[in-house]
Amino acid sequence: MIRINHLRKEYPNVTPLKDVNVEIHKGDVISIIGPSGTGKSTLIRCINLLETPTSGEIWIGDQCITDPKCDINKIRQKMGMVFQHFNLFPHMTVKENITFAPVTLKLKTPEEASAKADELLERVGKAFGHFQMQLADYDAGELRETIPNFHNTASRLNDFKIALEKDIAGRAASISDDIKFVLDHSEVCSYIMDKIASGDLPLRVTHNDTKLNNILMDHKTGEPVCIIDLDTIMPGSVLFDFGDAIRFGASSALEDETDLSKVYMREEAFDAFAKGFVSGLEGSLSETEIMELPMGALIITLETGIR
């Protein structure tokens with residue numbers, strides 16, 4: 001049972017919780033409803049002591065968690081919470097975020113947690129592959145580009161060169177190594193679009209934002225239900241979606257990591273996602289497309305850097 005007695009939470013300019021009293025019994029399903037700013041999230045965060053109440057008591061079973069002597073971390077081991085926002089640890093990679101809790105709580109060894117994370121990444125790949133398979137027969141030519149030239153890497157390179165020539169902020173000289181890297185790899189920028197133009201790669205319906213958080217998951221089974229956030233669906237190549245997922249999901253570091261010695265591609269993550277992606281497509285890809293998938297990872301990663 002959860003019991004809250006005379007709970008109060010004050011901030012410098014507002015007091016969202018005033019004398020809150022409630023009992024929640026085992027098996028109860030409770031919804032807290034009210035306008036924005038009335039303390040719904042504050043109350044939930046107080047129950048987990050993510051916010052420290054100004055006064056009052058919160059009991060979880062026979063433990064008063066507002067007692068300074070209470071070991072709140074021990075209580076939290078049996079408490080789950082879904083945050084209002086994504087709230088990933090910003091200094092951790094996707095895989096580190098996934099494995100942190102089970103390893104910290106000693107529910108899994110680091111090796112077991114790592115294997116589980118790769119298994120989840122395979123499911124993610126399968127979900128995006130299944131999305132592609134479901135639309136394999138749809139005429140992508142009927143779609144319009146909601147964001148023109150979004151994955152036209154050659155166009156992005158041209159914009160980059162124009163910006164470089166203008167150098168409005170006067171920063172070009174300080175990033176000469178980065179500029180050289182882009183220009184040294186400029187020959188691959190038109191690769192995918194040229195393959196589409198020649199017919200070597202078919203025009204397909206693409207999602208264009210294949211992040212892990214764009215998959216709706218079943219909270220009981222952990223299985224993907226469907227792909228969401230469909231406002232970026234456009235005509236393109238399957239390499240776009242594969243590459244976008246890999247440059248994010250298989251990276252060893254965050255996108256804004258400044259220490260490049262920490263940045264590399266995790267091959268086990270690449271293999272897990274690729275295995276799931278190809279299996280989810282259920283044979284709807286051409287042999288050429290399968291062979292070219294790694295180029296998608298290379299080019300979309302380069303494009304992201306150019307942008």
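**Reading the features of a predicted chain**

Trainee: How many disulfides does the count come to?

Mentor: A disulfide is a covalent bond between the sulfur atoms of two cysteines. The rule used here asks for a pair of cysteine sulfur atoms within 2.5 Å, and the count comes to 0. This is a predicted model, in which local features need pLDDT of at least 70 and side-chain atom pairs count only at pLDDT 80 or more, while totals for chains, interfaces and linings use all residues. Residue numbers run from 1 along each chain as its sequence is written, and side-chain values use heavy atoms, with hydrogens and water left out.

Trainee: How many helices and strands does the chain have?

Mentor: Both are DSSP runs numbered from the N terminus: helices are H or I over at least four residues, and strands are E over at least two. The chain has 10 helices and 8 strands. Its radius of gyration is 24 Å, well over the 19 Å that the globule rule gives for 307 residues, so the chain is more spread out than a compact globule. That radius is taken over C-alpha atoms, and the rule is 2.2 Å times the number of residues to the power 0.38. Along the principal axes, the C-alpha trace spans about 70 × 50 × 40 Å.

Trainee: What percentage of the residues in the chain is buried?

Mentor: Buried residues account for 35% of the 307. For contacts, the criterion is heavy atoms within 4.5 Å. Of the contacts between residues at least 6 apart in sequence, 66% join residues at least 24 apart.

Trainee: Which residues is L281 in contact with, leaving aside neighbours within four places in sequence?

Mentor: They are G129, H130, Q132 and M133. L281 lies in helix α9, residues 267-281, and is buried at 2% relative accessibility. The C-alpha atoms of L281 and F131 are 7.9 Å apart, although the two residues are separated by 150 residues in sequence.

Trainee: Where is D118 found, and is D118 buried or exposed?

Mentor: D118 is in helix α4, residues 110-134. With a relative accessible area of 14%, D118 is buried. Beyond residues up to four places away in sequence, D118 touches K95, R266, E268, A269 and A272.

Trainee: What is phi in D167, a residue other than glycine?

Mentor: Most residues other than glycine have a negative phi. In D167, phi is positive, near 45°. D167 sits in the loop between α5 (153-166) and α6 (176-184) and is partly exposed at 29% relative accessibility. N208, also not a glycine, has a positive phi of about 70°. The loop holding N208 runs between β5 (204-206) and β6 (215-217). N208 is buried, with a relative accessible area of 3%.

Trainee: How far apart are the mean positions of the positive and negative charges?

Mentor: Lys and Arg count as positive, Asp and Glu as negative, and His and the chain ends are not counted. Each charge is placed at NZ of Lys, CZ of Arg, CG of Asp or CD of Glu. For the 32 positive and 47 negative charges, the mean positions are 8 Å apart.

Terms used: Buried means under 20% relative accessible area, exposed over 50%, partly exposed in between (1.4 Å probe, protein chains only).
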